[in-house]
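I opened my notebook to look around this structure one step at a time. Here is what I looked up, in the order I went.

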Amino acid sequence: MSVKNKRLDLSYSQMKWETIFKRILIVMSVVMVLLVVGTLITLIVKSMPTIKSLGIGYLWGKVWDPVNNVYGARPFLLGTLLTSFTAIIISTPFSYAIAIYLGEYNTKGWLSNLLKNTVELIAAVPSIIYGFWGFFVLVPIVRTFETKIGVAPYGVGVFSASLVLAVMIIPYAASLGTSLIRMVPSPLKEGAYALGATRFEVIRSVILPFTRSGLFAGILLSLGRALGETMAVTILIGNTSAIGNTFKDIFFGPGNTMASVIANEFSEADHDLYYSALIELGLVLFFVTVVINLIGKRIITKYTNK
Amino acid sequence: MDARIKLRNTKSVLFKALIIFLAFIITLPLIIVLLYIIKMGVVQVNWNFLVHEPTPEGVAGGGIANALVGSLLIVGMSSIVAIPVGLLAGIYLSENPGTRLAYYAGLCVDILQGVPSIVVGIVIYFWIVKPFGFSAISGSIALAIMMLPIVVRSTEQTLLLLPDSLKEAALSLGVPYHRVIMKVIIPCGFAGILSGIILSIARIIGETAPLLFTALGNVFFSTKVTGPMESLPHLIYFYAKSPYQDQIDQAWGASFILLMFVLILNITTKLITRRWNIQL
């Protein structure tokens, strides 16, 4: 009798643990939601002073002069957009090439694995190392190049930052593209081959159209990375809030991105408006990267479910 | 007719050549960066470099012991926070697909994965640094947030791959739910979960931006987790801007050490996933 009671007690305590365990699982998932909601609320509340006093015009204001309490985010918006899109334009042909090579030409074997691992390694190297290397190796080269084409030879600036950024974001689009191209149903390809298409024609008129939206999602994910990338850009972009007037001056001259200005000036900010102006940049950055990532993820799920 | 076929074939061959050229040429920058860091860094590294604190600026000698120990401490503390939370959230997501909470939690994990690291730094500054001051702990929490999405997703993906019959067999024997998860499901997916954890550590060990306003950096050796602490990436950032040549040299050495950490962690992940044949 007593043995039976003991067993019953044991199974009651197990049942209790089971409930507790399930509750813990739920709590941990709620933590994920709270982190995101908390981040959003913190950013909005802390950037309230700027939103209230400067309104939407802040984002397009031309001058950033904390000393005289004048804040305008245009230099940083331009800097972020310019570096990110230049990086995307440079990197896209390479990511597509890697995706096509690994997804279609060479899907197995040591060479394919080697390239795949090397590309993944590009994403693994910390961004501070890219920045540090770029500052001491790439910048002098860019300076020589700038002297040759006849623009002010700063070396650091939007152009250098974009170059390093372009390399850094390749893996995101490349690895997604690879797996999507591998998923193209072979009857489609075989049909095209049977009609006498060459390999190039199969890629151009079967594989690429079939994977188009997926490849676009890969580019979006890369863009999300590029927009928020901080350290490499902070070291390479030259950190000036006064940008040139012509496109050539802006592109080859030093600048600032939203992320780099936060990294540089957040610890120097000495009054509320300055603080909240920087935090509003963080809010914009958060918002934009979230939207881009969610659109990208949505396209991918839609695509892989089909 | 023959000429046209020839033209199409040539086009196809040329395209292949172009693709191969583009795909391989882009590994060149990576190789150059790696070789350069190794070349500049390896001459800096010796025993003294690893076990000494930095000397005052302009004084030769000194090492990066403060950053090395700081990085390990900060990353260790982040792991202690992020691994249990991420693991449990990942279990929830794989066990309860289709619930409303799973949908929103999954969405938030996706969002967290995309949040720029500098934004995490700002937020932790307001949550922890403002009330308690700059500390290694605040840096660890910032890094833990960066770690979470990777741990959650890899746990979820691994557990989804396990056959349902495993769980059903254990449950039919009358094993309570939490023991099924802890003693059957997790051990079965252990390799996948472990590689996700190692990968997330490899990612955060090089993160600088979240530490700028949290762990702050410290020129002295410190193991006090409630005070500012140096870390490898922060030391590199700090020294990279230095006017003193020997600090720049030391930054190359520190980059080399950091790179080795990252490489070893990544290769370990690769070995685990290959051995157990897991897709991450």
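Before starting, I wrote down what "buried" means: a residue is buried if 20 or more other C-beta atoms lie within 10 Å of its own. I also noted that this is a predicted model.

Entry one: a helix in chain B. I looked up H10(B), which covers residues 190-204 and has 15 residues. From first C-alpha to last, H10(B) reaches 21 Å, close to the 21 Å expected at 1.5 Å a residue. Among the buried ones I listed Gly192(B), Ile197(B), Leu199(B) and Arg203(B).

I found 11 helices and zero strands in chain A. Its radius of gyration is 25 Å, well over the 19 Å that the globule rule gives for 306 residues, so chain A is more spread out than a compact globule. The C-alpha atoms of chain A fill a box of roughly 90 × 65 × 35 Å along the principal axes. I noted that 46% of the 306 residues of chain A count as buried.

I checked H4(A), residues 127-149, against H5(A), residues 158-182: their axes come within 10 Å and cross at roughly 130°. That makes H4(A) oblique to H5(A). The crossing is right-handed. Which residues of H4(A) meet H5(A)? They include Tyr130(A), Leu138(A) and Val142(A), and on the H5(A) side I noted Phe159(A), Leu163(A) and Met168(A), among others.

Methods: Residues numbered from 1 in each chain as written. Chains lettered and ligands numbered in written order. Predicted model: local features only at pLDDT ≥ 70, side-chain atom pairs only at ≥ 80, totals over all residues. Helix = DSSP H or I, 4+ residues; strand = E, 2+ residues; numbered from the N terminus. Expected span 1.5 Å × (residues − 1). Buried ≥ 20, exposed ≤ 12 C-beta atoms within 10 Å, placed from the backbone. Rg over C-alpha atoms; globule rule 2.2 N^0.38 Å. Axes fitted to C-alpha atoms, helices over the stretch in contact; angles between N-to-C directions. Parallel < 35°, antiparallel > 145°, perpendicular 65-115°, else oblique. Left-handed = near helix turned anticlockwise from the far one by under 90°. Contact = placed C-beta atoms within 7 Å.
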